[in-house]
Amino acid sequence: MRKKKSSHKKVTFIVGSVIVGLVVLMAVFPRIFTKYNPIDVDVMASLSPPSLKHLFGTDNYGRDIFSRVVYGARIDLMMGVLGTVVPFFIGGIAGMLAAYYSGWFDRILIGLIDIMMAFPFTILVIVIISILGNGIINVYIALWLVGWMSYAKLVRGEVLVLKNSDYIQAARVAGFSDGRILLRHLLPNVVSAAVVYAVSDIVLCMLTGASMSFLGLGVQPPTAEWGAIMNEGKSYISYAWWITVLPGLIMAVTGVGFSLLGDGLTDYLRRKGR
Amino acid sequence: MQKLLEVIDLKTYFYAGDKIIKAVDGASFEVRRGETFGIVGESGCGKSQTCRSVLKLIRNPGKITGGRILYEGRDVVPLSNRQMRKIRGKEISAIFQEPMTSLNPIMKIRDQIYEGFKGKNMTGEQKEERAVELLRMVGIPSPKQRLNDYPHQFSGGMRQRIMIAIALGSNPKLLIADEPTTALDVTIQNQIMVLINDLKDKMGMSVILVTHDLGVIAQMCERVAVMYAGKIVEMTDTVTLFAKPRHPYTYGLMRSLPAGGGNAEKLYTIEGTIPNLAELPAGCAFAPRCQFAAEKCRRQEPKPEEAEKGHWVSCHCLNRTCGLKGLIPVLK
Amino acid sequence: MRQFNYIFKRMIQMIPVLFVISLIAFFIIRLVPGDPARLMLGEKATNDAVAAIRLKYGLDRPLPIQYLKFMRGVLHFDFGNSLKFQVPVWNLIVSRLPVTLALTFLSTAISLLISIPVGYYSGTHKGGFFDRLSNIWNLTAIAMPTFWIGLMLLIFFGIVLKILPVGGIGGGFWGHLKSFILPAFTQSLMTSALLTRNIRNAVVDIISQDFVDFARSKGISEGEIKNKHILKNAMISTVTLLSMRMAYMLGGSIIIESIFALPGIGKLTIDAIFARDYTVVQAVVFIFAIVVMVINLITDVLYSILDPRVKY
């Protein structure tokens, strides 16, 4: 039974890796996948259904959807990764320092998180974007402003537990500097929980970013981005389904890929942690 | 004396992948009416799983794969879960090792006691009366007020008393006590043992007492089985066991007890560790640790034999007895 | 009685948070680049008109005075007029809040109806075929774009099968219910996956605990073991997750309501953002925060009822 389980875990991990690998390849070398330029207009071919010539069909401007999806991968992937990495560091460092030194910084941090958490996640992102104005940079800023809290809370909780553990107390008694204790003793032990969360956060950030573009708040036309493509296709949904269905499918598969990869990674880190 | 429970060649195996862990492998014993029967052995020897088998509370991936468990002459092994429910709690009750985790943390003591009254037509008042009586019986102060408390409001010893109260709620004929005092402070341990003993006499029930502590056996039991690696290696009445142990393992267990009177003698330990139950050696499971092991012991598994009347031993060298006079005070 | 004191205490604790939330709502309109008065009137307004508006809304007064004025209005449910519709913002909210609340509660109900049985079965049959299937489905559901799922369901049930409305809110009870089915189901997908996972892991943990075996040794039925001993304990951690998900789903209503054209607060918010109707934006932000705080308060109380170990 144990054998079976680990092999099934392995399969999902491999499937996840292959999907993510393909999407990364699309983002880095879109030219391998398609010969069309994603913003080339071809009015003669507008709204043509999927065919060998246009794998995913074309939109109302006759742009090739497949190439728009391929070129869009870069932005969506960036939103996922940058939307995760920056909060990971900001939140992680804030949470660690707050828990380690406690005092006023900790109280302010917790107060701030309590207040921010009173707003639903999506509302917060949307309102921040609406204040800053549309555009991809502002989507990033909104993701950063909202995302750090989860990491701060997570890391803070872990450090609070570890802070009173015997080995940290021993390190303190031994007269190690705070910096050394934080970096050499606490960091390695709290980082894996944050990494596990970060992997699932990539999907969340990617989906949130794409949702913003889908609502018309993020990436602006004619730039190719998955949410934006689907937003443009929304009006044609009853007779040109491919503009929304197929890019969304790619997006769903990408999300699932990250999810499977993350699941495998979580398992690995958990086993290593033991 | 009449047999209340008879276990014949019980086999409880756990299946982990292609491995089979033989937690209980061919155990046979009987429990008579009104007696306390002890099962002693190191942790992991299968004594807990033997108890759980009697109630058919084996967790996945474990299974009773062979043998019979006759309760009042009726085999419970083939019984369905539904039929088993008529026996659990009513005929046979159990108390577990960890009083801290054996009560539902989010349920009032009252409701946990009442659960034992299921199937009896009792009014709310009768239930409360009975619950108070039970708590008083096990020595919980101001029982009426404490009915509405939750487990976390009691100490470990008090929780063990509550467990006993719940187990005795429906006057069972057999109480299975699986290391009931292991998790408790030494001073509390004795109180609980005395309590179990008193209640046993008062209610006329039989008790299966599982422990790793020979001192507890000496204090409590009429007869005793020694388990090693899923098998019963020696079984007899307590006096005989302490006076004339025949199995080298039993002998080892006794020598590792601190001597009475506080002699500054160095404590004996049995060399080696208990074997992996999934990969038992051929022959006698104890042979690798046995100072008397002969060639035959490593080849052929010894079968239980009656060395003298009522004294069963699974050893190729039956007739060796170990003189231990003066080492253990025999209380019975 | 203990619960009442607890609720009271929690409400007192909410006051400073509410204060900061009101500050945030107050500043939203003032953080937007540009002059709020000009924003209200549009680019072509004359300077005189702008000055008149500034005077009317007190925008020329110092910020603390403006804030006090804003708060006095809020306490009387007066959030000013919508710049776009020229009707009191409060009226807009009152007419649309029920839709969003209904959507959120329906999604919550669907999530629970799915996740409790599935999570329980997966947990008690850990490692089995169904458990693995459910795990993979949960991973999938968490990673899928909600708006895409919504559109897919809309195409399938609304356009292809034509059995459910493609949008808007139907008439009568059944009409309402019908138009809520797809949005609520879409909304509940991710939540039910997360809840299932949580319940499953909790059940796995709980069934290996001694108290379940001890309860079984009393001879009570499996149904009671399941409900009173396993599920009730599993719900403790689930309640906290549920409240977080409800808050998330409230926000998610923005996306769901715009896909399915449901006239709720979410749709109101996104329309207001596009119309730069900032009086509405600040009011909905305030209302959302209050609803979330109420949900959290209810959760805490529920949690303290479920788990007697919680200290008040």
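Predicted model: local features only at pLDDT ≥ 70, side-chain atom pairs only at ≥ 80, totals over all residues.
Biologist: In what order do the four strands of the open antiparallel sheet of chain B stand?

Modeller: The pairing in this open sheet is antiparallel. Strand 2 (19–32) and strand 5 of chain B stand at the edges, each with a single partner strand, so one side of each is left without a neighbour in the sheet. The order is 2-1-4-5.

Biologist: Over how many bridges do strand 1 and strand 4 of chain B pair?

Modeller: Strand 1 covers residues 3–16 and strand 4 covers residues 62–71, and the two run in the antiparallel sense. Within strand 4 of chain B, B:Leu70 is the bridge partner of B:Glu6, and B:Tyr71 is the bridge partner of B:Leu5. The pairing of strand 1 with strand 4 of chain B extends over eight bridges.

Biologist: Which residue takes a positive phi in the hairpin of strand 4 and strand 5 of chain B?

Modeller: Strand 5 (residues 74–75) of chain B pairs with strand 4 of chain B in the antiparallel sense over two bridges. B:Tyr71 has B:Arg74 of strand 5 as its bridge partner. Two residues lie between the strands of this hairpin, and the residue with a positive phi, near 50°, is B:Glu72.

Biologist: Which are the edge strands of the eight-stranded open sheet of chain B?

Modeller: The strand order in this sheet is 6-7-8-3-9-10-12-11, with mixed pairing. Direction ignored, neighbouring strands are turned by 20° against each other on average. Each edge strand pairs on one side only; the two are strand 6 (92–95) and strand 11 (305–308) of chain B.

Biologist: At about what angle to strand 6 of chain B does helix 6 of chain B run?

Modeller: Strand 6 of chain B pairs with strand 7 (residues 174–178) of chain B in the parallel sense over four bridges, and B:Leu175 of strand 7 is the bridge partner of B:Ser93. Helix 6 (residues 156–168) of chain B lies across both strands. Relative to strand 6 of chain B, helix 6 of chain B runs at about 170°.

Biologist: Which element of chain B gives the most to the side that touches chain C?

Modeller: The contact takes 26 residues from chain B and 21 residues from chain C. Helix 2 (81–87), strand 6 and helix 6 of chain B each supply at least two residues of the chain B side. By class, that side has eleven nonpolar, eight polar and seven charged residues. With three residues, the element that gives the most is helix 2 of chain B.

Biologist: Are helix 8 and helix 10 of chain C roughly parallel or roughly antiparallel?

Modeller: Helix 8 (residues 172–207) and helix 10 (residues 222–259) of chain C pack with their axes 9 Å apart, at an angle of about 160°. Because angles over 145 degrees count as such, helix 8 of chain C is, relative to helix 10 of chain C, roughly antiparallel.

Biologist: What is the handedness of the crossing of these two helices, helix 8 and helix 10 of chain C?

Modeller: The contact includes C:Leu194 and C:Asn198 of helix 8 of chain C, and C:Leu241 and C:Arg245 of helix 10 of chain C. By class, the contact has 14 nonpolar, eight polar and one charged residues. The crossing of helix 8 and helix 10 of chain C is right-handed.

Note on methods:
Residues numbered from 1 in each chain as written. Chains lettered and ligands numbered in written order. Axes fitted to C-alpha atoms, helices over the stretch in contact; angles between N-to-C directions. Parallel < 35°, antiparallel > 145°, perpendicular 65-115°, else oblique. Left-handed = near helix turned anticlockwise from the far one by under 90°. Contact = placed C-beta atoms within 7 Å. Nonpolar A, V, L, I, M, F, W, Y, C, P; charged D, E, K, R; others polar. Pairing = 2+ DSSP bridges.
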